[in-house]
Protein chains: 2
Amino acid sequence: MTATVLDGRRVAEKVVAAAAGDVAALARAPGLATVLVGDDPASEIYVRNKRRRCVAAGIRDLHRRFGADVTQDELAGAIRALGGDPGVTGILLQLPLPPHLDADALVSLIPPDKDVDGLTEINAGRLALGRPGLSPCTPLGVLELLDAHGIALAGAEAVVVGRSNLVGKPMAQLLLRRHATVTVCHSRTRDLAAVCRRADVLVVAAGIPGLISADAVKPGATVVDVGIHRTPDGLRGDVDFDAVRVVAGAITPVPGGVGPMTIAMLLANTVAAAGR
Amino acid sequence: MTATVLDGRRVAEKVVAAAAGDVAALARAPGLATVLVGDDPASEIYVRNKRRRCVAAGIRDLHRRFGADVTQDELAGAIRALGGDPGVTGILLQLPLPPHLDADALVSLIPPDKDVDGLTEINAGRLALGRPGLSPCTPLGVLELLDAHGIALAGAEAVVVGRSNLVGKPMAQLLLRRHATVTVCHSRTRDLAAVCRRADVLVVAAGIPGLISADAVKPGATVVDVGIHRTPDGLRGDVDFDAVRVVAGAITPVPGGVGPMTIAMLLANTVAAAGR
């Protein structure tokens, strides 16, 4: 058996097209403030891509750039001003920030209904309590990708590898909300392969290249790889794709799986925030 | 083998004594506002017990009683006033409320640092994000009871049955924070007994009398029963105690297990809130 490859690029295009349609139907286009601090090259690329996709979907691009020496107070003032500006419907504070800044304190200044990355305590609480809110884009993208391929979640055994605030923990909440039986694994899990082998749906967000091989996958399972690592052999995920694809029923590629879904869900969140 | 019985009354006494000691060491005693609406007999008993235990520990009793016909605005005004009163260090809104009131909206008016029941979105978010905050008393009590008996959690397989906002979901977060591999089961879980049999630590908060019997318990496992039901044969939990005690390594009784721990943790939370 060879697994179905879950094409994130194709599904992402559909999500982006739907977001663009929603934007066109709004009386006023959403305005997304992307806040970039310093000159981390990866962050620059991420923000540029996000802005490009947003502009293509008709979202107003309200970019704010700050030098690496900006003070906590200056940045706090800027985020407060964006929070109070009715023309700004979404705020994205690109992380990580330079080490002299307190990122948690700055994120907490983003009004929850403009928090398109779903990073605030209130949105994490809304997700935990099963209430409407804005959730992190990567786990939302995984869910959208699974739905687009008709992968059943209710009653399924779902295993999430990784417990980060950005992916693993919100992913578990979203799968639980969709009535999966959900297990969260991490670095302290005793027999990781054995736990993963229980999964009908396995989501891997461990940040360790090639962590999951065929021995950790139940035949026919759906395997979603959130990892992305630059290696001498090109981009690789947390899953050993070549070994796992002959066991799994469905699998996401790296690149072209979860990655494109993350940006697509940023657009969806930005549209949702504008409607809140 | 017969399981060790985890004595919640004994551990609760220690927690209460520690809270009373902390209160005595404070410059000013914490003030807990218990807000009771209407005349639900069970709620009256719960609130009376909570107040009695708090007074015994030296906490100032700031009880507020409202008729069943109180309006949303009146109650909202009262909670806002308590929130702004520096003499009130904790606020407990006893649930459920009469059906004409919007409980979520009222809870959201409690300042997070006075939210001794850990019910607000911000405290749920802090728990989900692994940050300091006030968490619901029952799962905190379970953790305290396990710790008091030296039950290892790091690397253990923990299974939580039930996904309520008050017990199941925060319990899972707390166990995850303590490095257990955590599975959450619920009414849509396919083979509940098989999933429960994986558990080194099984926490049952399903609200179904006798749901868990010996076939769902791994020999030597620790079984915590959060359920409490009035039956013709007296108080019973979600676990078939007589059947499970010959399989489990440790088990909580009903009554006298988790119940006393819940009130004890309310005192601990009230002391913690006063220090925030």
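**Note on a predicted two-chain model**

1. Of the interface residues of chain A, 100% are also interface residues in chain B, so the copies meet through the same surface; contact here means heavy atoms within 4.5 Å. This is a predicted model, in which local features need pLDDT of at least 70 and side-chain atom pairs count only at pLDDT 80 or more, while totals for chains, interfaces and linings use all residues. Residues are numbered from 1 along each chain as its sequence is written, chains are lettered from A, and side-chain values use heavy atoms, with hydrogens and water left out.

2. Chain A is divided into domain 1 (28-112) and domain 2 (136-259), with bounds from an automatic or database domain assignment. Their C-alpha centres lie 29 Å apart.

3. The second largest pocket has a volume of about 1,500 Å³. Of its 47 lining residues, the closest to its centre are B:Tyr46, B:Thr138, B:Ile228, B:Gly259 and B:Thr262. On a 1 Å grid over the protein atoms alone, a pocket is an open set of points with protein on both sides within 12 Å along at least five of seven lines; a cavity is a set where a 1.4 Å probe fits but cannot get out; lining residues have an atom within 4 Å of a point. A volume is the space filled by probe spheres set on the points, which are joined across faces, edges and corners.

4. Domain 1 (28-112) and domain 2 (136-259) of chain B both give residues to the lining of the second largest pocket, so this pocket lies between them. The lining divides into 27 nonpolar, 11 polar and 9 charged residues. Ala, Val, Leu, Ile, Met, Phe, Trp, Tyr, Cys and Pro count as nonpolar, Asp, Glu, Lys and Arg as charged, and the others, Gly among them, as polar.

5. There are 2 cavities of 30 Å³ or more. The largest cavity holds about 180 Å³ of space, and residues from both chains line it, including A:Lys169, A:Gln173, B:Lys169 and B:Gln173. Its lining divides into 8 nonpolar, 2 polar and 2 charged residues.

6. The second largest cavity has a volume of about 30 Å³. B:Leu32, B:Thr34, B:Arg51, B:Cys54, B:Ile59, B:Arg60 and B:Asp61 line it.
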